[in-house]
Amino acid sequence: MNLGTKPRQPKRSRAVYKYRGSEAYAIHNILIIRSEHSRFLYFRFYFHYLIFNTFCMAYEMVSRLSLPGVVFSMFLISSCFPCQAQLSSNFYDSTCPNALTTIRTAIRRAVSSERRMAASLIRLHFHDCFVQGCDASIMLDNSPSIDSEKFSFVNNNSIRGFEVIDGAKAQVESLCPGVVSCADIAAVAARDASVAVGGPSWTVRLGRRDSTKASRSLADSDIPRATNSFSELIDMFSRKGLSERDMVALSGSHSIGQARCVTFRARIYDNSSDIDAGFASTRRRNCPSTSGNGNNNLAPLDLVTPNSLDNNYFRNLIQRRGLLQSDQVLFSGQSTDSIVTEYSRNPSLFSSDFAAAMLRMGDIEPLTGSQGEIRRVCSVVN
């Protein structure tokens with residue numbers, strides 16, 4: 001070593017900034033960077049430069065706009081972030097930390113008492129979300145200002161589970177008055193009901209608020225019916241932002257629950273080629289052909305495993321044993337045949353797709369922020 005000379009210093013990166021108008025320029029003269037620490041400093045510097053440059057360009061663009069242009073730009077930016085971005089799985093962590101546990105206990109108790117209630121709670125959430133979004137409008141009773149959705153064609157004498165939601169709401173209110181919405185309780189209840197009958201779980205996004213209005217007319221037009229054709233179903237789900245795969249996966253909830261004779265009478269008596277003859281004969285035993293006779297007699301949607309949320313529903317469709325016409329059309333030479341076949345062979349795929357579709361459905365047009373209200377009682381506005 002030559003002690004008479006200075007030790008060689010590591011060569012460093014140099015950057016020269018010039019700010020002209022609203023643009024940032026960086027002239028890099030990158031030499032040999034010999035140490036890990038130097039490389040780290042350089043990349044950190046470069047990252048900060050990129051961020052700084054982005055803000056400069058954004059500022060220049062906005063500075064050239066008129067006030068209306070700025071407002072319009074802000075609108076475009078805000079429209080890029082959907083409503084569900086305001087929902088969060090930990091929404092009640094600080095304001096009502098025991099809410100989810102309380103709801104889960106109430107749902108488990110209800111399903112343990114009546115297994116059919118699991119299907120009813122999932123259906124309640126579904127019918128709520130398809131009308132005005134997931135806002136608990138379906139729970140509002142008739143009043144001078146409310147035309148209740150409970151009495152629409154699809155819901156009347158059919159939709160169930162209100163007392164279970166009311167019970168869970170009362171318990172949550174005793175813990176955290178005016179904090180947890182009925183819409184969120186319905187969403188959580190659907191998830192907990194699925195788990196209670198062997199179905200999948202998912203992390204529910206929370207923060208919905210409750211509507212102060214209802215629409216029976218929208219319930220009549222927007223909720224799918226047992227007699228809908230394939231093209232009608234595709235259109236109805238598409239209008240809610242749901243795909244064909246979402247539609248098929250959500251229909252798998254018909255692996256549990258029961259249907260009234262009036263909803264499947266035409267199917268089991270029309271002698272069509274799309275229904276198994278033995279299956280139709282079995283269903284006719286408790287569903288008379290005469291209209292008005294035995295309308296409310298019940299039959300399980302899935303004859304094999306009526307109390308388990310599984311993929312047997314799709315096997316039924318392949319065997320032409322879908323109880324409702326709107327079920328069987330999913331496997332009738334249409335584009336969804338392949339999805340039905342996939343789910344019939346792969347229960348894990350069905351479970352994961354069902355959970356994902358329930359999440360997407362739960363994100364349909366929620367009221368958030370200052371919209372709507374947090375009802376004290378789910379059946380009436382405050």
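I started with the crossing of α3 and α6, which is right-handed. A crossing counts as right-handed if the near helix is turned clockwise from the far one by less than a right angle, and as left-handed if anticlockwise. I note that this is a predicted model: local features need pLDDT of at least 70, side-chain atom pairs count only at pLDDT 80 or more, and totals for chains, interfaces and linings use all residues. Residues are numbered from 1 along each chain as its sequence is written, and side-chain values use heavy atoms, with hydrogens and water left out.

Helix α3 covers residues 99–113 and helix α6 covers residues 182–196. Their axes come within 9 Å and cross at roughly 50 degrees. Axes here are lines fitted to C-alpha atoms, for helices over the stretch in contact, with angles from 0 to 180 degrees between N-to-C directions. That angle makes α3 oblique to α6. The classes are roughly parallel under 35 degrees, roughly antiparallel over 145, roughly perpendicular from 65 to 115, and oblique for the rest.

Next I listed the residues that meet. From α3 they are Leu100, Ile103, Arg104, Ile107 and Val111; from α6 they are Ile185, Val188, Ala189, Asp192, Ala193 and Ala196. Contact means heavy atoms within 4.5 Å. By class I get nine nonpolar, no polar and two charged residues. Ala, Val, Leu, Ile, Met, Phe, Trp, Tyr, Cys and Pro count as nonpolar, Asp, Glu, Lys and Arg as charged, and the others, Gly among them, as polar.

The axes of α10 (residues 261–269) and α11 (residues 277–284) come within 9 Å and cross at roughly 135 degrees. These two are therefore oblique to each other. Their crossing is left-handed. Phe264, Ile268 and Tyr269 in α10 meet Ala280, Arg283 and Arg284 in α11. This contact has four nonpolar, no polar and two charged residues.

Is serine 253 buried or exposed? Serine 253 is buried, at 14% relative accessible area. Buried means under 20%, exposed over 50%, and partly exposed in between (1.4 Å probe, protein chains only). I found serine 253 in the loop between α9 (244–251) and β3 (258–260). Leaving aside neighbours within four places in sequence, serine 253 contacts Ile122, Leu309 and Phe354. Phenylalanine 354 is 101 residues away along the chain, yet the two C-alpha atoms are separated by 8.3 Å.

Glutamate 173 sits in helix α5 (residues 162–175). Glutamate 173 counts as buried, at 14% relative accessibility. Not counting residues up to four places away, glutamate 173 touches Gly178, Val179, Val180, Arg375 and Arg376.

Alanine 136 has phi near 65 degrees, a positive value in a residue other than glycine. Asparagine 157 has phi near 60 degrees, also positive. Alanine 136 is buried at 0%; asparagine 157 is exposed at 62%.

Last, the whole chain. I count 15 helices and four strands. Helices (H or I, at least four residues) and strands (E, at least two) are DSSP runs, numbered from the N terminus. Of the 382 residues, 45% count as buried. Mean pLDDT, the predictor's confidence in each residue from 0 to 100, is 85, and 78% of residues reach 70 or more. Over residues 1–7 the pLDDT is below 50, and beyond near neighbours in sequence this stretch has zero contacts in the model.
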